[in-house]
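Hello,

Here is the structure we talked about. Please load it first, then read my notes below.

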Amino acid sequence: MKSQVILLTCKDYDETRIYEELKWGIESLGGVGHFVRTDERILLKPNLLRKADIDSAVVTHPLVVSAVARILQEAGCNHITYGDSAGVGSTEKIARGCGLTGEMEKLGIPLDNFADCVLADYPEGKAAKRFHMAKAVVKTDALINISKMKTHQLERMTGAVKNMYGCIQGLHKAKGHTKYSNAESFARMLIDLNKFVNPKLYVMDGITGMEGNGPASGTPVDMGVLLLSTDPVALDSVCCALMNLKPELVPTNVQGEKMGLGVWREEDIEVLTRDGILTTSQVGKNYGKQDYDVNRGREVRRIWRQLRWLSRHFQRKPYIVESQCIRCGICVEACPVEGKAIHLDKPNAPVYDYKKCIACFCCQEMCPQKAIQVK
Ligand code: SF4
Ligand code: SF4
């Protein structure tokens with residue numbers, strides 16, 4: 001049987017339209033009762049990467065999260081919370097700053113800031129056998145993942161699969177980048193994480209996506225879609241079609257299929273729209289942006305990766321646009337490498353030590369000034 005992805009169109013953040021489309025989408029997948037029981041504790045997991053203006057497309061739009069919550073409440077679910085572990089800053093401030101707290105307060109739904117951590121064992125894991133998880137994730141009965149369509153420097157795009165990384169608590173996220181230090185091993189860890197938490201439903205906010213220097217410093221782009229699926233790999237593969245990116249170039253897709261999380265191939269996916277069933281190619285043609293600014297380059301071959309000293313010359317690297325840098329030092333704090341691969345010696349802009357750099361791009365992700373680019 002094919003994996004089903006629902007594609008809904010919404011040209012802007014109109015509250016009623018988002019609600020109606022998501023309601024139709026959830027009903028098309030079997031209805032709320034197909035995913036959760038009304039007596040279960042349900043956790044909504046948006047992307048709250050960092051403090052950002054809502055129009056910058058860094059975080060999941062509050063109206064998408066609140067529409068999902070409303071649909072659940074109307075079906076009788078009364079034990080709902082929402083939360084995320086922010087990349088930088090306080091989750092409370094990010095949620096309030098982008099308007100999410102206000103929307104959820106209207107529904108009487110509290111925030112969990114993912115401050116408490118538990119070490120969760122996952123013996124079945126192929127790449128990761130334990131996780132430093134936010135306690136809220138472990139104690140919930142059902143998690144619903146509500147991601148944002150964005151580019152990502154390590155994994156090319158971030159969507160359904162990658163959004164689960166916010167379930168890792170606080171600074172343990174940065175440490176994970178040293179343990180899983182390339183795109184492939186990081187993807188394998190993410191697949192284990194998705195399998196361990198087992199979200200009941202994946203929703204993607206692609207009404208406005210992000211292209212270019214994502215996932216925090218890119219350019220907002222109107223895409224006008226919402227995606228839903230129980231298969232996060234298939235959902236991300238449809239997202240790739242919208243970005244005109246070959247799905248096999250995204251490590252979370254390839255590893256996701258190999259490790260049994262989902263499927264990325266066109267022949268294994270059907271996309272249900274209000275206008276009928278489409279293939280991923282048709283989705284790309286009808287709804288995609290052919291010049292979506294995303295990394296479509298071939299990856300460095302394994303043989304070169306093994307020759308680390310030589311591959312350094314060819315690897316993508318972060319660099320600083322000095323005129324945009326305010327010398328805040330957040331990039332240095334974000335660097336997970338022992339002894340740091342980036343140093344700040346004020347009044348100069350930070351300097352990279354590329355010999356130590358593992359190209360995790362945490363510094364680029366966390367820079368509040370969009371001063372870090374990738375070459
Ligand atoms: S985080 Fe950005 S603005 Fe701050 S010091 Fe680093 S490069 Fe400069
Ligand atoms: S300098 Fe930046 S890209 Fe390099 S290891 Fe540190 S955080 Fe990662």
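Helix α1 (residues 15–28) has 14 residues. From first C-alpha to last, α1 reaches 20 Å, close to the 20 Å expected at 1.5 Å a residue. This is a predicted model, so please read every value here as computed. The buried residues of α1 are Ile18, Tyr19, Glu21, Leu22, Gly25 and Ile26. Their cover includes β1 (3–9), α2, β9 (201–211) and β10 (219–229). Just after α1, Gly30 has a positive phi of about 120°.

Next, the cores. The largest nonpolar core has 68 residues, and Leu22, Leu44 and Leu72 touch the most other members. Helix α2 (residues 62–74) gives the most to this core, with eight residues. Domain 1 (3–287) and domain 2 (308–374) both contribute residues, so this core lies between them. There is also a second, separate core of 32 residues, which includes Leu43, Ala128, Phe131 and Met133. Back to Leu44: leaving aside residues up to four places away in sequence, Leu44 touches, among others, Val65, Val68, Ala69 and Leu72. Its contacts also include Ile80, Tyr82, Met104, Ile144 and Ile146.

On the domains, the chain is divided into domain 1 (3–287) and domain 2 (308–374). Their centres, taken over C-alpha atoms, are separated by 27 Å. The contact takes 18 residues from domain 1 and 19 residues from domain 2.

Now the ligands. Around ligand 1 are Ile320, Cys325, Ile326, Arg327, Cys328, Gly329, Cys331, Pro350, Cys367, Pro368, Gln369 and Ile372. By class, that shell divides into nine nonpolar, two polar and one charged. Ligand 2 has 13 residues around it; Cys335, Cys357, Cys360, Phe361 and Cys363 come nearest. The shell of ligand 2 has 13 nonpolar, no polar and no charged residues.

Phe361 also deserves a look for its backbone. Its phi is near 70°, a positive value in a residue other than glycine. Phe361 sits in the loop between β15 and α14 (362–366). Is Phe361 buried or exposed? At 5% relative accessibility, Phe361 counts as buried, because the cut-off is under 20%. Lys370 has a positive phi too, near 55°. Lys370 lies in the loop between α14 and β16 (372–374). With a relative accessible area of 35%, Lys370 is partly exposed. Most residues other than glycine have a negative phi, and most peptide bonds are trans.

Two cis bonds to check. One joins Gly214 and Pro215, with omega about 10°. Pro215 is in the loop between β9 and β10. The other runs from Lys346 to Pro347, with omega near 10°. Pro347 is in the loop between β14 (342–343) and β15 (351–352).

Last, two loop residues. Ser181 is in the loop between α6 (172–179) and α7 (183–197). Ser181 is partly exposed, at 29% relative accessibility. Ser181 and Ile358 are 177 residues apart along the chain, yet their C-alpha atoms are separated by 6.4 Å. Glu248 is found in the loop between α8 (232–243) and α9 (251–258). Its relative accessible area is 35%, so Glu248 is partly exposed. Not counting residues up to four places away in sequence, Glu248 touches Val254 and Trp264. The C-alpha atoms of Glu248 and Gly176, 72 residues apart along the chain, are separated by 24 Å.

Best wishes

Note on methods: Residues are numbered from 1 along each chain as its sequence is written. Chains are lettered from A and ligands numbered from 1 in the order in which they are written. This is a predicted model: local features need pLDDT of at least 70, side-chain atom pairs count only at pLDDT 80 or more; totals for chains, interfaces and linings use all residues. Side-chain values use heavy atoms; hydrogens and water are left out. Helices (H or I, at least four residues) and strands (E, at least two) are DSSP runs, numbered from the N terminus. Buried means under 20% relative accessible area, exposed over 50%, partly exposed in between (1.4 Å probe, protein chains only). Contact means heavy atoms within 4.5 Å. A residue is near a molecule or strand if one of its heavy atoms lies within 4 Å of it. Ala, Val, Leu, Ile, Met, Phe, Trp, Tyr, Cys and Pro count as nonpolar, Asp, Glu, Lys and Arg as charged, and the others, Gly among them, as polar. A nonpolar core is a set of buried Ala, Val, Leu, Ile, Met, Phe, Trp, Tyr and Cys residues joined through side-chain atoms within 4.5 Å. Domain bounds come from an automatic or database domain assignment. The expected span of a helix is 1.5 Å times one less than its number of residues.
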